[in-house]
Amino acid sequence: MSTITPFKIAVSDAQLQQIHQKLEQATFPDELDGAGWDMGVPVAEIRRLVTVWREQFDWRAQEQKLNEQLKQFTVRVAVARFGELDVHVVHHRSGNPRAVPLLFIHGWPGSFLEATKLIPLLTIDDGNGPAFDVIAPSLPNFGFSQGVQEKGFGLAQYAETLHNIMTTMGYENYVIQGGDWGSMIGRTMAQLYSQHIQAIHLNFIPVIPPYPWRRPLRFLQSLLTVPFSAKDRASLSSTLKYITRDNAYMRQQESRPQTLGYGLQDSPVGLLAWIYDKMHSWSDGYPWTDEEILTWVSVYYWSSAGPTASMRIYYEASVPNNEAQDQKEQAETKSMTLGQVLGARAPQNVRFAVAQFRKELVMLPRAWYRDIGNVVRETEFERGGHFAAWEVPELLAADLKGFLGKGGPAYGAVADRDGY
C-alpha cells in the first residue's frame, strides 16, 4: 500500500560517537615522492580532511540545515517481486498550478544533495521559463532510502520504483532530468513508461558507437564527417582515457562490490578517499569546500543501507536477470541490462535534450547522441563537469527552461499541464 509520510534526517548519538572513535584511530598509507594526484588522493589531503572531520565538522549542524531547507518524505511503493520499499524523497512544489513535474535522478557518488542547488532556481515562478515541481528521490540502496535484500534489482526495478513514486505523489505525466545513473535509469523509463514521460533532459549520454552492423545509416553519416572536428577528436581522446585508465572503480563495483564494501563500510577514511577521488577528478575545477566534501561522504556513511548497497547497481545493471531464461521472460520481469539500455532507441514521442559539459567523463560526437531517440535540443557548455547540478546549477536550470519553456522544443510535454 502506497503511503507518504514526513521525514527528517536523524543520525543517532551512538553513530556519531562511533565515527569519531574510528577517525581517532585512523592510520594512513605511505606514498611516493611527487606522486600528487596521479595515483589517487594525496595522503596529506586525506590527513587534513580527517582532522577537519574529527575536530571541526559539525554533522548536527548539517543535519539541521538539511532538515530546515528541504521538504522530505518517505514514500512507500510496491515493486514487482520485491514487495514494498520505503523511499526517501525531497519534494518541493512551486505553487504554480501549471508547474512542470520534474523527476531529478541522481547517480553515484551523488545523492539527493545535488538537487538542492537546482530547487530554488526551478521552483521560482519568475517569468523566465516554466516553474517546476521538483521531486528528487534517494534511489533505493542510496541515502535514506531502504536497501534491497534480494538479487535482481536492476535498472528496470529502479525505473519501476521511481515511476511508482511519481504516480503515488499525483504525477501521472512528468519529465526527467538525469546524469550518471540518472541518465541510464531515465532512458530505461523511456522504454517502459513512454506514455507517462514525454521529455527527458540528460547531461551524461553514453552510447554505443555506430558500428556498421548496428547502425549502417549512422555509420555512413559518420564517414561523411570524417575527419572529426578538433573538438570531436579531443572528446574521443578524453573518453578513451576514461575507458582505458579511469574507470577501474566501475569494473570493481560491477564485479565485486561486496569485497570492496568491507573497507568502505568499516572505514570512514576509506569511504572518504573512494568518493572524494571522484568528486575531485570528475569536476571541472570546482572549488569543493571541506563542508561540502564531508557532507557528501557522510550521506553515504549514514545511509540507511550502508555504502556497500549503493555500489550494487553496477553489478545488477551489468548482468541479466538470472530468473528470466529467455527474452520473453525478461520482458515479463522487466529486466534490462546496461548494454540493452545503451543499445535501445526510445519511442519517438519522448523528446530528449542532451547537454554536454566541458569536463564530462564520456564525450562523443554529437551526431552519435541522436541514436538514443528523438533528440530535439543539443547544448554544449564551456564549463562544468560530471556533477553539473552542483557545479553549474544555473546553466543546467537555464537549459531545462529552454527545453521545456515557451518556444522550446518540448513545450507542452506534460499534456495535462499545457499552457504554463
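The following questions and answers go through how features of this predicted model are named and counted.

User: How is the chain divided into domains, and how far apart are the domain centres?
Analyst: Domain 1 covers 22-65 + 250-316, and domain 2 covers 69-207 + 328-404. The C-alpha centres of domain 1 and domain 2 lie 25 Å apart. Their contact takes 30 residues from domain 1 and 37 residues from domain 2.

User: What area do domain 1 and domain 2 bury between them, and on which atoms?
Analyst: The size of an interface is often given as the accessible area lost when the parts come together. For domain 1 and domain 2 this is about 2,800 Å², with 65% of it on carbon and sulfur atoms.

User: Why is the pair Glu292 and Lys117 called a salt bridge?
Analyst: The closest N and O atoms of Glu292 and Lys117 are 3.9 Å apart. The cut-off is 4 Å between a side-chain nitrogen of Lys or Arg and a carboxyl oxygen of Asp or Glu, so a pair at 3.9 Å counts. Between domain 1 and domain 2 the count is two salt bridges, and 14 residue pairs are in polar contact there.

User: Which elements make up the side of domain 1 that touches domain 2?
Analyst: Helices H9 (248-255), H11 (268-281), H12 (290-301) and H13 (307-318) each give two or more residues to that side. H13 supplies the largest share, eight residues. By class, the side of domain 1 that touches domain 2 has 17 nonpolar, seven polar and six charged residues.

User: What makes Arg48 and Glu45 a salt bridge, and where do they lie?
Analyst: The closest N and O atoms of Arg48 and Glu45 are 3.2 Å apart, which is within the 4 Å cut-off. Both residues are in helix H2 (residues 43-55), and because they are three residues apart, about one helical turn separates them. By this rule the count comes to 22 salt bridges.

User: Why is the pair Trp108 and Tyr249 called stacked?
Analyst: A search of the whole structure finds 20 aromatic pairs. The ring centres of Trp108 and Tyr249 are 5.9 Å apart and the planes are at 10°, so the pair is stacked: the limits are centres within 6.5 Å and planes under 30 degrees apart. Trp108 lies in the loop between strand E4 (100-105) and helix H4 (119-123) and Tyr249 in helix H9, so the pair ties together parts 141 residues apart in sequence.

User: What is noted about the bond between Trp108 and Pro109, and about phi of Asn141?
Analyst: Most residues other than glycine have a negative phi, and most peptide bonds are trans. Trp108 and Pro109 are joined by a cis peptide bond, with omega about 5°. Pro109 is in the loop between E4 and H4. Asn141 has a positive phi, near 80°, in a residue other than glycine. Asn141 sits in the loop between strand E5 (132-137) and helix H5 (155-168).

Note on methods
Residues are numbered from 1 along each chain as its sequence is written. This is a predicted model: local features need pLDDT of at least 70, side-chain atom pairs count only at pLDDT 80 or more; totals for chains, interfaces and linings use all residues. Side-chain values use heavy atoms; hydrogens and water are left out. Domain bounds come from an automatic or database domain assignment. Contact means heavy atoms within 4.5 Å. Buried area is the accessible area (1.4 Å probe) that two parts lose on being put together, summed over both. A polar contact is a pair of N or O atoms within 3.5 Å; within protein, one must be able to donate a hydrogen and the other to accept it, and residues adjacent in sequence count only if both atoms are side-chain atoms. Helices (H or I, at least four residues) and strands (E, at least two) are DSSP runs, numbered from the N terminus. Ala, Val, Leu, Ile, Met, Phe, Trp, Tyr, Cys and Pro count as nonpolar, Asp, Glu, Lys and Arg as charged, and the others, Gly among them, as polar. Rings of Phe, Tyr and Trp (its six-membered ring) pair if their centres lie within 6.5 Å; planes under 30 degrees apart count as stacked, over 60 as edge-to-face and the rest as tilted.
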